[in-house]
Amino acid sequence: MDGDGLRLNMNGLDYLILALYFVTVLGVGFAARRAIRTSVDFFLSGRSLPAWVTGLAFVSANLGALEIIGMAANGAQYGVMTVHYYWIGAVPAMVFLGIVMMPFYYGSKVRSVPEYLRLRFNRPTHLLNALSFAVAQVLIAGVNLYALALVMQALLGWPLWTAIVVGAAIVLAYITIGGLSGAIYNEVLQFFVILAGLIPVTVIGLVKVGGWNGLMDAVGDTKLGEAGLHAWQGTGSTANPLGAHWIGIVFGLGFVLSFGYWTTNFAEVQRALSAKNMSAARRTPIIAAYPKLVIPLVTIIPGLVALVTVQGLGAESGDLQYNNAIPLLMRDLLPNGVLGVAVTGLLASFMAGMAANVSGFNTVFTYDIWQAYIRRDRSDEYYLRVGRWATVAAVVIGIGTAFIAAGFSNIMNYIQALFSVFNAPLFATFIIGMFWKRMSALAGFWSLLLGTLVSLSLYLLYKGGVVDFNSDLEESFWGAGLAFVTAVVVAAIITPLTSPKRDEELRGLVYGMGGVDLKGDVLAGDAVWYRSPVLLGLIAVALAALFYIPVF
Amino acid sequence: MSNDGQPAQDPLIDETQAEQRRSAAARLFDIRRVIGGLFVAYGIIVTLIGIFDSRAEIDKAEGVRINLWAGLAMLVFGLLMLLWQWLRPADPPASNEQQPGA
C-alpha cells in the first residue's frame, strides 16, 4: 500500500499482550460451549444474561473499528460537531428503545426483529426484511474484516490475506463454538480492552497539546478554526464544518437516522433479547447509553489532537488521511507496552463489530429464513446445527466480500451507507405498527417496500449526479427523511382500503392491546428505584443535554 | 405470575419456548473472572515494563510514565472486577427455569 509510514515498532512484549488477548477470546468461546443445549442457548444465550453484561455488549457491538477510526477521523475533519453522532444521534434513540419499544420486542418473545414483522404484519413483510438484513450483515462483516486487514497491514506489516484469514478464523471459532454467549461475553471483554487502548493515547495527546485549553486554542489556529469548537453555533445555516442545518441535525440525524439504526437493527437488539427478564432487557440499551455519552472523549479528542500535532493531516490518500488519526498518534506517542494494549484494543473493536454482524446473521438466517420458509417442523437440535453452519457460511462469505472490498473499497463504503438509509423506512413501519392498531398487514408490506425504494432511488440519483447535495451526510438526511414520510403516507392510504388484523393477533405487539407484562418475571432486586428503566433513561438524556453546554 | 396478559401465540415461537426448559444457560460462567484475570495479567506486564522504562520511552510519551500508570490502573481495575465477583457472586441461575413453559 503506502510503504512503511505507519509501521509500529512492536516488540516481543507487545506481541505477548496481543497473544494473551487471542487466547482469552478463544477460551471464552470454548468455555461458553458448556452452556449450549438448545437453539435459544445458541442464538439468545438462553435469555439468561444480567443487564450490565447485555448493556456493555450492546455498546460494544456498535464500537466496531469503523466506528472508532471513523469518529476520530470525523473529529479531525469536522471538529466538536462530531459529538452530535453521540449525544443527539444515539442516546435519545437508545433510551427510546429501552423504555418504549423493548416491552413489545421482549414481551412478545420474538426471537428476532424480523420476526416481530411476521407477527405484526405478514410473511411477505417478514421475508423482505429478513433477506435484506441477512445480505446487509454479511456485506458489512466483510467491510469490517477488510478494514481490520488494512490496519494490520499498515501497523504490523502483516500481508492482507493473512490478516483477513486470521481475524475471520478467530471470530468464526468463538461464535460457532460459544454461540451468542461467546460473542456477548467477548464483547464485554472487548469493551474494556478498547478503552484500555484508547485512554493512554488520549491522555498523552492532551498532555502534548497542553490540556483541554491548549487543545481548544490550537484547534482555533487550524484549518477548522473557531467553528471546530462549537456543536450548535453556526447551525442556523449550512456554513459550518458538518455542512448541516440544525433542523437536519435534529430531525435527520437525531430522529430518522438514529432511531432507524438503534431501534430496528437486530445486531443491536439481539443483545437485549438475551437479557434474563423484562427489566434487564429494557435497561440494556439504557445502560449502553452511559458509555456512549463519554466515548467521544476517547475518539474525538484524539482526532483533534492529531489535527493539531500531525502536520498535513487530511490528505486525500496515503498515510495522512483523516482515517489514520488514531494509528498516527499511537505511532508517535505510545512506548512499547501500552502500544501493545492499544493495538490489541483496535483489533478487539474490529472483532466486536464483525461478531455482532455474524451473530445477528446466523439467528435471522436460521429462525427467519430456514425455519420459516425452507424446513419447518424439525427438531430444535436440527436448528442448532443449522445455526452453526450458518455461522461458518457467514464468515466464509465475509472473507469473500472482504476480498471484493479490497478491489472496490469505495463501493463497499457506499453499500454500507445505503443500508443505513434502509433503516429509516423500517423504523417508520415499526413505529406506526406499534402504535396504530388499525394498520393492516398489506400496508406494512407496501410501506416498507416503497419507503426503501424511495431512499434507494434518491441515493442512486445522487450518485449518478442527477440530484445535488452539499455532502453525503446531507443526502442521507434527506434520503432517510423522505423514506420515512413515504412509509407514513403509504400506510395512511392503504390501511383504510384493506382489512385490519384481529385484535387477539395483536396482543403484546401493539400499544394499548394488552399482553405486555412489564413486571412479569422480575427478580426482587430489580424493583428498586435505581434500576427503573424510565428513571435511568431520563437521566441519560438529561446528561446528553448538559454535556452540550461547554461545547455549545 | 399473572396470566391475564398473554401475548399473541405463534407456533414457531412456542416450539422454541418449549425447548427452553432444557436450557443449559445456567452453566454459563461469570465473565467478571475472565475480565479480572486478563486485566491483572496486563497490569502486571505493563507495570513491569513501566518500572524498567528508559529515558527514551518516557520522552516519547511526553514525559509521562504512561506504562507505569496505565499498568497500575489496569491492575487495580482487574482486582476490582475479581473483588466484585467475590463479594457479589452471580444470582442463582434458577430464575430462568421457574418460568412456566407456556
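These legends go with several close-up views of a predicted two-chain model.

Residues are numbered from 1 along each chain as its sequence is written, and chains are lettered from A in the order in which they are written. Because the model is predicted, local features need pLDDT of at least 70 and side-chain atom pairs count only at pLDDT 80 or more, while totals for chains, interfaces and linings use all residues.

**View 1**
Chain B has 4 helices and 0 strands; helices (H or I, at least four residues) and strands (E, at least two) are DSSP runs, numbered from the N terminus. Two residues are in contact if their C-beta atoms, placed from the backbone, lie within 7 Å.

**View 2. The contact between chain B and chain A.**
Here 61 residues of chain A meet 47 residues of chain B. On the chain B side, H1 (11–19), H2 (31–51), H3 (55–60) and H4 (66–87) each supply at least two residues, and the largest share, 11 residues, comes from H2(B). By class, the chain B side holds 26 nonpolar, 12 polar and 9 charged residues; Ala, Val, Leu, Ile, Met, Phe, Trp, Tyr, Cys and Pro count as nonpolar, Asp, Glu, Lys and Arg as charged, and the others, Gly among them, as polar.

**View 3. A:Val188 and the largest nonpolar core.**
This core has 225 residues, and A:Val188 is one of those with the most contacts inside it. A nonpolar core is a set of buried Ala, Val, Leu, Ile, Met, Phe, Trp, Tyr and Cys residues joined through C-beta atoms within 7 Å. Helix H9 (residues 160–209) of chain A gives the most to the core, with 25 residues. Leaving aside residues up to four places away in sequence, A:Val188 touches B:Ile31 and B:Ile35 as well as A:Val53, A:Leu56, A:Ala57 and A:Ser60.

**View 4. Helix H4 (residues 65–78) of chain A against helix H15 (residues 338–374) of chain A.**
The two helices pack at an angle of about 125 degrees, with their axes 7 Å apart; axes are lines fitted to C-alpha atoms, for helices over the stretch in contact, and angles run from 0 to 180 degrees between N-to-C directions. That makes H4(A) oblique to H15(A), the class left once angles under 35 degrees (roughly parallel), over 145 (roughly antiparallel) and 65 to 115 (roughly perpendicular) are set aside. A:Ala65, A:Leu66 and A:Ile68 of H4(A) meet A:Leu346, A:Ser349, A:Phe350 and A:Gly353 of H15(A). 11 of the 14 residues of H4(A) are buried, so H4(A) is largely enclosed by the rest of the structure. Just after H4(A), A:Gly79 takes a positive phi of about 80 degrees.

**View 5. A:Val490 in helix H19 (residues 472–494) of chain A.**
A:Val490 is buried, with 24 other C-beta atoms within 10 Å. Its C-alpha atom is separated by 7.9 Å from that of A:Leu450, 40 residues apart along the chain. Not counting residues up to four places away in sequence, A:Val490 touches A:Ala443, A:Trp446, A:Ser447 and A:Leu450.

Conventions: A residue is buried if 20 or more other C-beta atoms lie within 10 Å of its own, exposed if 12 or fewer, and partly exposed in between; C-beta atoms are placed from the backbone.
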